[in-house]
Structure formats: structure tokens, C-alpha cells
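Here are some questions and answers for a reader new to this structure. Look at the sequence and the model first.

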Amino acid sequence: MNADQLLVHYEQIADAPDAIVRLRRFILDLAMRGKLVEQDPTDEPASELLKRIAVEKARLAKAGKIRKPKLLPEIEEHPYVLPPSWRWTRMRQVTSDRGQAVPDAPFTYIDVTAIDKENGFVSDPKVLQANEAPSRARKIVRQGDVIYSCVRPYLLNVAIVDADFDPAPIASTAFAILNGHGLVLPRYLWIVLRSPFMVECVEQDMRGQAYPAINDSDFSVLPFPLPPLTEQDRIVAKVDELMALCDRLEAARAEREATRDRLAVASLARLNAPDPDAAAFQTHATFALDNLAPLTNRPDQIKALRQTILNLAVRGKLVEQDPADEPASVLLERIGEEKTEIARNIGFKLKKPIPRDIRFDEVTLPSGWVWSQLDELAWKITDGDHQTPKREERGRYLLSARNVLDGQIDVSNVDFVGEAEFERMRLRCDPNRFDILISCSGSVGRVAIVDKDYAYVLVRSAALVKLTSGEELSGFIQKALISDILKDQIGVRSKAAAQPNLFLGQIRQLMLPLPPLAEQHRIVAKVDELMALCDRLEAALVNADATRQRLLEALLHESLAPVDIKELEAAE
């Protein structure tokens with residue numbers, strides 16, 4: 001691996017998704033392919049090493065210390081090309097088990113809970129009495145052995161027994177015990193067992209659903225890339241060096257991200273504070289809105305930023321107030337008169353007013369604003385059809401809660417009804433342009449503005465709000481309904497039952513901060529402007545991630561097959 005080249009470009013790739021995880025895997029992959037260190041023609045080749053291993057295993061079997069080795073099949077099709085001094089062999093051709101015994105004295109018990117798999121050693125074994133031995137405590141293990149959990153092997157519970165435990169250790173039968181006889185280094189075994197190549201081999205042989213495992217016979221014939229013993233030592237040293245480098249890079253990245261997160265969280269927290277100092281708040285708001293890009297270094301931070309913008313909007317902190325604006329109290333009176341006129345013209349009976357939540361009247365709003373119930377702003381609030389409609393393969397759109405997203409109606413996964421059913425359902429619930437839809441079952445509180453006339457009908461899981469002067473009010477009201485002020489109200493009201501449900505009476509009672517109409521329009525324009533900026537930031541961050549990914553791929557590829565430096569520059 002060209003570590004110098006990697007370090008030159010690290011600042012550009014460090015924030016790529018899973019950059020360090022992928023680098024660690026790649027280091028192990030290089031090690032398994034003989035690409036991590038140079039081969040030395042003076043090394044004893046692996047073919048001779050295999051003969052020495054066979055002699056040692058025969059000696060131990062004759063002495064009764066291990067079972068007589070089974071004859072394992074040759075590897076006919078090599079998984080990939082190894083250096084000339086290496087050999088493909090089988091897992092149990094180069095390692096041995098030590099057998100089993102039932103504990104009859106105090107022992108050190110090693111199970112998966114005792115494994116520090118990231119660092120590769122036994123960290124916290126228990127000392128048990130013989131009469132406390134679990135039925136799985138049977139595998140004999142000694143210092144220098146490698147233990148590998150064959151149950152759920154994808155968890156990579158692999159460790160070197162690096163201490164001479166007293167009392168003598170016994171391992172769980174979940175482990176395969178690998179004694180390399182001093183001819184396959186324990187640390188090299190650990191590297192092989194955690195390498196992407198071996199993970200893939202094991203996954204192909206796993207059996208079972210709840211607790212997938214690889215059995216002893218399949219484990220014994222796993223293909224094993226064997227280098228010369230002296231090269232094993234060089235590989236182990238290089239892997240440890242590069243893993244330590246990854247540790248430092250990971251720590252540096254974590255510190256950078258923590259610093260960025262603290263700055264972003266602190267800035268957004270100041271903006272979301274309920275009663276900020278006016279002068280200080282303006283300074284914080286100006287700083288945050290002028291520095292949206294530096295405050296958002298990851299796509300996941302954009303969501304919090306969008307919510308903060310909405311919260312500022314409905315608290316009167318996003319645009320300046322104009323004392324010349326008609327006060328919202330006058331607007332509210334006019335809305336009341338228009339509601340009465342609408343009801344008279346279409347023969348619609350308005351519902352009786354419901355009690356206001358007077359706690360909101362005690363919360364200070366900007367000059368010219370008032371608190372208003374949603375019921376005061378709408379001349380009709382209803383939900384979709386209470387009968388189960390007859391669905392068709394095609395026809396008119398039938399919306400449910402899943403089709404109502406914050407800010408849009410999603411028809412990518414929509415149901416349909418025929419024309420007769422459509423007409424029947426619109427007698428109760430007739431969404432048209434500038435009306436508002438609210439999801440009110442399951443995932444409650446998503447809000448969208450209807451974008452077409454005479455295009456949709458609803459089932460019961462979505463509610464319809466027909467605003468008085470909907471064309472003028474709907475933009476601000478929709479944004480207010482998805483702000484934290486309203487989401488908190490919706491959350492409290494919808495959790496009365498086991499499954500969240502928002503009922504029509506609860507929707508009518510929602511309290512909204514209502515600005516003057518002219519200010520509403522300024523707020524909507526500013527929110528739309530900032531949301532568009534968020535869209536661009538999000539796209540830029542996604543593109544930056546993709547660019548880092550391409551550069552990372554080029555650097556990793558260069559380690560296996562060197563490329564022209566211009567290719568690396570093109571990926572930047």
C-alpha cells in the first residue's frame with residue numbers, strides 16, 4: 001500500500017462514507033494477496049513450510065497430543081493468484097484443534113463475552129469451579145492459540161490467547177481452536193480470519209437462520225493462503241503499522257466531526273432558544289444564516305437546519321416586522337366574516353367554536369401577531385371516506401396518510417378508484433388547490449398543500465383543511481404546521497391511544513402563531529429561498545461524498561495496480 005500517497009490525499013477522502021472501515025478491510029485484503037509487503041527470494045517457500053507443518057503434526061499425533069490429521073482434498077481451482085513463494089492450502093492442513101475435556105477443577109472459561117474482537121485478544125475471561133461449568137465449556141486451549149467463533153461468524157469474534165491463564169483455560173464449543181504449531185503465526189491467523197476473502201468464504205458455508213454457523217467439516221477445508229514464515233512476520237508488522245495509522249486517522253476524523261457538531265448544535269440551539277436576548281439573538285441568527293455551508297458538513301445535518309429555519313419563521317425571527325402591516329387581529333376578523341359568507345353561499349353549516357387553549361395567549365408574539373386556532377382559519381376540517389372504497393388498477397387518485405409527505409403529495413405508491421367511487425367520495429371530502437392535507441393515522445402530522453383541483457379523494461387516515469382565503473394563507477400555514485411549535489402540539493394530542501391518531505377535534509384545536517398577511521408572504525418567500533439553499537447544500541454534500549468515494553477507489557486501486565497520477569487528480 002502506498003501510504004505516502006494515501007496521506008497526501010487523506011484530507012479529501014477522510015469524510016467519505018466508511019472511509020476508515022474500508023481502508024482497514026483493504027489492508028487485510030492486500031495482506032491476503034501478497035500485495036502488502038515485498039517478497040524476499042531468500043525466504044523458505046511455503047511449500048517447504050507445509051512439509052515442516054506436516055512433520056510436526058505427525059509427531060504430535062504419534063505422541064497422542066492431537067488426533068491423527070485427516071487427508072484433505074487439494075484445492076483444484078485457486079481463488080486468486082498468489083505470489084510464487086506462497087501456497088494455497090486448507091485451514092486444517094496448517095492448524096490443529098487440541099480436543100475437548102470436561103473440567104474437573106477450577107478453570108478459566110473463555111466464551112464470546114470474553115473477546116475483544118477489535119484488538120484481537122481475550123480480555124475478560126471468568127474463573128469457574130468445575131461444578132459451575134456450562135455444557136459448552138469443553139474446548140482445550142493454550143497460550144498462542146487463535147480462537148474463532150463459528151456461531152454467527154460474521155460478528156468476527158476472533159482472538160489470540162496471548163496470556164498463560166491460571167487456572168488453565170477452557171473455551172466454549174462455539175469456537176474453533178487453531179494451533180499453528182509455531183509455523184503459522186497467531187497474528188497472521190487472526191489477519192486471515194478477519195480478511196474480506198475469508199469472511200466471504202465463511203458466509204458461503206454458513207447454515208441456519210436464527211444462529212447461522214459454519215460446522216467443523218466445512219471450516220476444516222476453507223482455503224488458506226500460506227506465505228513463507230518470515231514473510232508472515234513482515235505482513236504482521238506492516239498490518240499493525242497500518243492499523244495504528246488508521247487508528248490515528250479515525251481519532252482525528254472523530255475529533256473534527258465532534259468539533260463541527262458542537263459548533264452546529266450550539267448555533268442551532270441558540271436559534272431555537274424560547275426566549276433569547278434580542279440583541280444577542282440577532283447576532284447568532286445573522287451568523288448562522290450567513291454560514292449555512294460551514295455549519296453543515298454532513299447531509300444528515302440538513303434536516304435539523306431545515307427545522308430551525310421553520311422554527312425561526314413561526315416565531316417571527318426570520319424576517320423583520322413592518323409596523324405598516326395590517327395587524328393579524330384585523331386579518332382574523334376578516335377571515336371570520338369570509339367564513340360566514342362562504343357558509344351562506346354554499347349552504348354549509350359551520351361547526352360551533354371550540355374552547356381555545358388559553359395557555360398560548362400568555363406566550364409573547366412579535367408585534368402585530370396573534371394566536372389563532374386552526375378552526376378559526378378554516379371553514380371546513382374533515383377526514384377522508386369512512387367506508388372502504390373499491391380500489392381499481394387505474395383510475396382517479398385515492399390518497400392515504402402514506403401519500404402525504406411534508407411539503408408534497410407523493411403518488412409514486414398510490415391507490416386508485418373508479419369515476420363513480422371518486423364522485424361519491426368527493427361529496428364528503430373534496431380536496432382542491434391550496435387546501436391542506438394532514439396525515440392523521442400512524443405517522444401523524446405530515447402536511448402538504450393540494451396541488452391540483454378535482455384530482456384526489458382521501459381515505460380516513462388523511463384529513464382535509466379548507467382554509468378561508470386558502471391561496472393567501474396556505475403557504476404560511478403549511479410551514480407553521482410542520483414547525484416544532486405545531487409538531488409538539490400534534491405529538492401530545494396524538495399519543496392518547498396505543499397507535500398515534502390525530503382526530504378532527506384535535507386538529508381544530510391546534511394553536512398557530514399568525515403574522516400579518518404581508519409578513520406571511522415575506523416569511524414564505526424567505527423560507528423558500530433558504531430551503532432552496534438547503535437543497536443545494538445537500539446536493540453539494542452528496543456530490544462531495546461521491547467525489548471522496550471516487551478518490552478513495554482510485555487510491556485503493558492504485559495500491560493493487562498503479563495508475564497515472566492524472567487519474568487521481570481527475571477524481572478530485
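Axes are lines fitted to C-alpha atoms, for helices over the stretch in contact, and angles run from 0 to 180 degrees between N-to-C directions. The model discussed here is predicted.

Q: At what angle do helix H5 and helix H6 pack, and which word describes H5 relative to H6?
A: Helix H5 covers residues 186-194 and helix H6 covers residues 196-205, with axes 5 Å apart. The angle at which H5 and H6 pack is about 60°. An angle counts as roughly parallel under 35 degrees and as roughly perpendicular from 65 to 115. The angle therefore makes H5 oblique to H6.

Q: How many residues of the contact of H5 with H6 are nonpolar, polar and charged?
A: On the H5 side the contact is made by Val192, Leu193 and Arg194, and on the H6 side by Pro196, Met198 and Val199. Arg counts as charged, while Val, Leu, Pro and Met count as nonpolar. The division is five nonpolar, no polar and one charged.

Q: What should the 19 residues of helix H12 span, and how far apart are its end C-alpha atoms?
A: Helix H12 runs over residues 328-346. The expected span is 1.5 Å times one less than the number of residues. For H12 that gives 27 Å, which agrees with the distance between its end C-alpha atoms, 27 Å.

Q: Where around the axis of H12 do its buried residues lie?
A: Ala328, Leu331, Leu332, Ile335, Lys339 and Ala343 are buried in H12. These residues cover an arc of only 110° around the axis, so they lie on the same side of H12.

Q: Which residues are exposed on the other side of H12?
A: Exposed means over 50% relative accessible area. On the other side of H12, the residues that are exposed are Glu333, Glu337, Arg344 and Asn345.

Q: Is Leu156 buried or exposed?
A: Leu156 sits in the loop between strand E7 (146-149) and E8. Its phi is positive, about 55°, although Leu156 is not a glycine. The relative accessible area of Leu156 is 16%. Buried means under 20%, so Leu156 is buried.

Q: What is the relative accessible area of Phe434?
A: Phe434 is in the loop between helix H14 (419-426) and strand E19 (436-439). Phi of Phe434 is positive, near 75°. Phe434 is partly exposed, with a relative accessible area of 21%.

Note on methods: Residues are numbered from 1 along each chain as its sequence is written. This is a predicted model: local features need pLDDT of at least 70, side-chain atom pairs count only at pLDDT 80 or more; totals for chains, interfaces and linings use all residues. Side-chain values use heavy atoms; hydrogens and water are left out. Helices (H or I, at least four residues) and strands (E, at least two) are DSSP runs, numbered from the N terminus. Angles under 35 degrees count as roughly parallel, over 145 as roughly antiparallel, 65 to 115 as roughly perpendicular and the rest as oblique. Contact means heavy atoms within 4.5 Å. Buried means under 20% relative accessible area, exposed over 50%, partly exposed in between (1.4 Å probe, protein chains only). The arc is that of the directions from the helix axis to the C-beta atoms.
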